[in-house]
Each structure stands twice: as C-alpha cells, then as structure tokens.
Amino acid sequence: MTHFFTNNGLPLLFAVVLIESFGIPVPGETALIAFGVLAAQGHYSIASVIAIAAAGAIVGDNLGYWLIGRLGGRALFGRWRWLNQYSDRVLPRAESLMARHGGKTVFFGRFVSILRYTVAWVAGVSRMRWWRFLFWNAAGGIAWATAVGLISYYGGQAAASAIQSYGLYAGIAVVFAIIIGWFGIRYAHEQVESRL
C-alpha cells in the first residue's frame, strides 16, 4: 500500500481533492497533508504536490459550480425529499452570505471544511458570474494548497529531523505538537463554521 502511494499517488491526490471540491465530502485536505508529509520524506517534490492539489481544487470547484449549481440549480435539490429539506434549511443562509461576500466567501471557503465542498455549487445556484468565481476560486485553491502543503511538508521534515537528531522521544514530542496545532486549527474552523 505504501509503495502505491509513494509511486502512483499524485493522480489519487488530484482525484480526491477534485471529488471533495465538486461537492462530495471526502478527505481532500487530509490527503494533501499526507502527501505533504510524503514529500518531506523525499517521495515527491512539494511543488508537484501543491500544483496537483491546487489543480484538483480548481477543476472540482468549477465542475461543482457548473453541474450542481448552474445546470442542476434548485430543481436538483427538489428531486429528493431529504435533500430538499436540507436545501430549505441551508441554501437561504448560504445565498445570503454569497450575496454579501461573494468573492471572499469563495476564497476563504477553501479553508473551511463545510464550505470547501459546498461553496462552488452555492456560487452557481446564486448565479455568481463565472469569471469572478474562477478568479476567487483559483486564488483560494492555490493559497490553500500552498499553505496546507507547506505546513505538512515542514512539519514532516521537523519530525524526521528530530527523530534523527534526538531520538524517538523528540520525534514523538514534535508529532504531539503538530497534533495539538492541528486540533487548534480544527477548533478555529468549527468556530467559523458555527457562525455561518
């Protein structure tokens, strides 16, 4: 399994990030973190990991914008009762947020887990102009892939360096610090999401 990820994994990274960005909640950000750590171990170049993740995010968001948002629209959500109930509860708030802060919502939505897989089709349903969506979407996708990729890359390097220099206990301390930082970021995400 490790051999597969270290030799053939970049298309998988692209696919997972694309699927998440399209609108299906799969662990795209977790995949990017894992590949950032693999890059730190020398299996990939971090530039390739960042470029592939950004491309997957941009392509997936654009597919979600067009297929779910513009072509499917509200009629798509009316087809199934459970989805209609969800859309009645969520879409008015999401459309209001998009109307007030369209470009910012698309950009920063890339960094918030729920928005990461919904903001594209909400922009489509809200009829946000595609060129405007594309600009903010590309900027957000590139910034997200760069930030998350580099944090995981340097975090993975720090853990490997600590283990090599100071032994297993130092490596465990670095990993523990990374986990605490990750939970801190998750907590901040949840606070932002609760206000939406």
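Buried means under 20% relative accessible area, and exposed means over 50%, with partly exposed in between. All views below come from a predicted model.

**View 1. Phe107 and Trp136 form an edge-to-face ring pair.** Phe107 has 18% relative accessibility, which is under the 20% limit, so Phe107 counts as buried. Trp136, at 29% relative accessibility, counts as partly exposed. The ring centres of Phe107 and Trp136 are 6.3 Å apart and the ring planes stand at 80°, so the pair is classed as edge-to-face. Phe107 belongs to helix α4 (residues 81-109) and Trp136 to helix α7, and the pair links these distant parts of the chain, 29 residues apart.

**View 2. Tyr65 and Phe133 form a stacked ring pair.** The structure holds 10 aromatic pairs. In the pair of Tyr65 and Phe133, the distance is 4.6 Å centre to centre, with 20° between the planes. Tyr65 is part of helix α3 and Phe133 is part of helix α7, so the pair ties together parts that are 68 residues apart in sequence. Tyr65 and Phe133 are both buried. The two residues also belong to a cluster linked by ring pairs, together with Trp66, Trp130 and Trp131.

**View 3. Leu32 sits in the largest nonpolar core.** This core has 21 residues, and those that touch the most other members are Leu13, Leu32, Phe35, Tyr44, Val49 and Trp144. Two or more residues of the core come from each of α1 (2-22), α2 (28-40), α3 (46-77) and α7 (130-166). Leaving aside residues up to four places away in sequence, Leu32 touches Leu13, Val49, Ala53, Trp144, Ala145, Val148, Gly149 and Ser152. Another core, of 16 residues, lies apart from this one and includes Tyr65, Met98, Val106 and Val122. In soluble globular proteins, nonpolar side chains tend to be buried together.

**View 4. Arg110 lies over the face of Trp144.** The distance from Arg110 to the ring centre of Trp144 is 4.8 Å. Trp144 is also one of the residues that touch the most other members of the largest nonpolar core.

**View 5. Asn137 is a buried residue of helix α7.** The relative accessible area of Asn137 is 3%, so Asn137 counts as buried. Which residues does Asn137 touch, not counting residues up to four places away in sequence? The contacts of Asn137 are Ala57, Ile58, Asp61, Asn62 and Val106. Val106 is also among the residues of the core of 16 residues.

Definitions and conventions. Residues are numbered from 1 along each chain as its sequence is written. This is a predicted model: local features need pLDDT of at least 70, side-chain atom pairs count only at pLDDT 80 or more; totals for chains, interfaces and linings use all residues. Side-chain values use heavy atoms; hydrogens and water are left out. A nonpolar core is a set of buried Ala, Val, Leu, Ile, Met, Phe, Trp, Tyr and Cys residues joined through side-chain atoms within 4.5 Å. Buried means under 20% relative accessible area, exposed over 50%, partly exposed in between (1.4 Å probe, protein chains only). Helices (H or I, at least four residues) and strands (E, at least two) are DSSP runs, numbered from the N terminus. Contact means heavy atoms within 4.5 Å. Rings of Phe, Tyr and Trp (its six-membered ring) pair if their centres lie within 6.5 Å; planes under 30 degrees apart count as stacked, over 60 as edge-to-face and the rest as tilted. A charge sits over a ring if NZ of Lys or CZ of Arg is within 6 Å of the ring centre and within 35 degrees of the ring normal.
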